[in-house]
Amino acid sequence: MRASRHWWDGAADAYQAEHGEFLGDTRFIWGPEGLDEAWARLLGDVEGRHVLEIGCGAGQCGRWLLTQGATAIGLELSGRQLAHSRELDARSGVRLPVVQADAVHLPFAPDSFDLVCSAYGAMPFVADAGGVLAEVARVLRPGGRFVFSVSHPIRWCFLDEPGEEGLYAVSSYFDRRPYVEEDAEGTAVYVEHHRTVGDWVRLITGAGFHLTDLVEPEWTVGNEQVWGGWSPHRGDIIPGTAIFTATLPSR
């Protein structure tokens, strides 16, 4: 977790400069494919709902939720990302309440939210994804939902390249060792975890949820952005994102 906080504090400025226009100030984009919640409606009608966004970054998604009549709050590990969120509050005129905290220890009472969501926030970067799911289950009300997007597990097999070279499988899908970048002293500065689809299913159900949907978004027509290993070329051939909908049983 320390590695993730340090990395995002250092990368936040460049990340927002490169991707801010695509993400918008008050938009909810699920991933580099450009799937927009304004028309995808994976969360359903959010008006009047209490919603928590985990790993909110600069708060773009949470700000969109506020414009739709939700009571929303963002949770983010990186203080520098939250500094960008305050800047977007001022620029957009839509202020998102935020808290700086670790997703494995959510600072909220049980049964606080109707919905929890996360667009590439926290879930790929935590070693204890089951712990996050258990915490989300705790703060959700009965019948509540957790909708979150992560890199599609199949992408682990391929080079993280946007062109033709990124279409050849070079690694085992079943190799669950995390991807780690280290500094000159051997300290981890970036960590991302790989889980298979089956791993995610077991983690979700193990936390008491029902898996009610799995969306693999196709590349959005007109989106020409290249984002790391994501590109229109690859997006037309292999999935880049997986979006899971996990629903708590009603009591």
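How many of the residues of α3 are buried? The count is 6 of 8, so α3 is mostly covered. Buried means under 20% relative accessible area, exposed means over 50%, and partly exposed lies in between (1.4 Å probe, protein chains only).

The model is predicted: local features need pLDDT of at least 70, side-chain atom pairs count only at pLDDT 80 or more, and totals for chains, interfaces and linings use all residues. Residues are numbered from 1 along each chain as its sequence is written, and side-chain values use heavy atoms, with hydrogens and water left out.

**View 1. Helix α3 and the residue that follows.** Helices (H or I, at least four residues) and strands (E, at least two) are DSSP runs, numbered from the N terminus. Helix α3 covers residues 60-67. Its buried residues are Gln 60, Cys 61, Gly 62, Arg 63, Trp 64 and Leu 65. Just after α3 comes Gly 69, with a positive phi of about 95°.

View 2. Two strands pair if DSSP finds at least two bridges between them. Strands β1 (residues 50-54) and β2 (residues 71-76) run parallel and are joined by 5 bridges. Glu 53 has Gly 74 in β2 as its bridge partner. Together, β1, α3 and β2 make a right-handed β-α-β unit. Right-handed has a set meaning here: with the strands pointing away from the viewer, the path from the first strand over the helix to the second runs clockwise. Strand β3 (residues 98-100) pairs with β2 in the parallel sense, over 3 bridges. Here Leu 75 stands opposite Val 99 in β3. The chain passes from β2 to β3 through helix α4 (residues 79-92), and this β-α-β crossover is right-handed.

**View 3. Asp 89 in helix α4.** Asp 89 is found in helix α4. Is Asp 89 buried or exposed? Asp 89 counts as buried because its relative accessibility is 12%. Contact means heavy atoms within 4.5 Å. Leaving aside neighbours within four places in sequence, Asp 89 is in contact with Arg 63, Val 94, Arg 95 and Leu 96.

**View 4. Asp 160 in a loop.** Asp 160 is found in the loop between β5 and β6. With a relative accessible area of 51%, Asp 160 is exposed. Neighbours within four places in sequence aside, Asp 160 is in contact with Arg 155, Gly 229 and Arg 234. Asp 160 and Asp 89 are 71 residues apart in sequence, and 33 Å apart in space, C-alpha to C-alpha.

**View 5. A nonpolar surface patch.** Leu 159, Tyr 168 and Val 170 make a nonpolar surface patch of about 300 Å². Val 170 is found in the loop between β5 (140-151) and β6 (179-182). Patches are made of residues with over 30% relative accessible area and no salt bridge; like charges are joined within 9 Å, and nonpolar side chains (Val, Leu, Ile, Met, Phe, Trp, Tyr) within 5 Å. A salt bridge is a side-chain nitrogen of Lys or Arg within 4 Å of a carboxyl oxygen of Asp or Glu. Accessible areas come from the Shrake-Rupley method with a 1.4 Å probe; for residues, only the protein chains shown count as cover.

View 6. Most residues other than glycine have a negative phi. Arg 41 is not a glycine, yet has a positive phi of about 55°. Arg 41 is found in the loop between α2 (37-40) and β1. At 39% relative accessibility, Arg 41 counts as partly exposed. Tyr 120 has a positive phi near 60°. Tyr 120 lies in the loop between β4 (113-119) and α5 (129-139). Tyr 120 is buried, with a relative accessible area of 18%.
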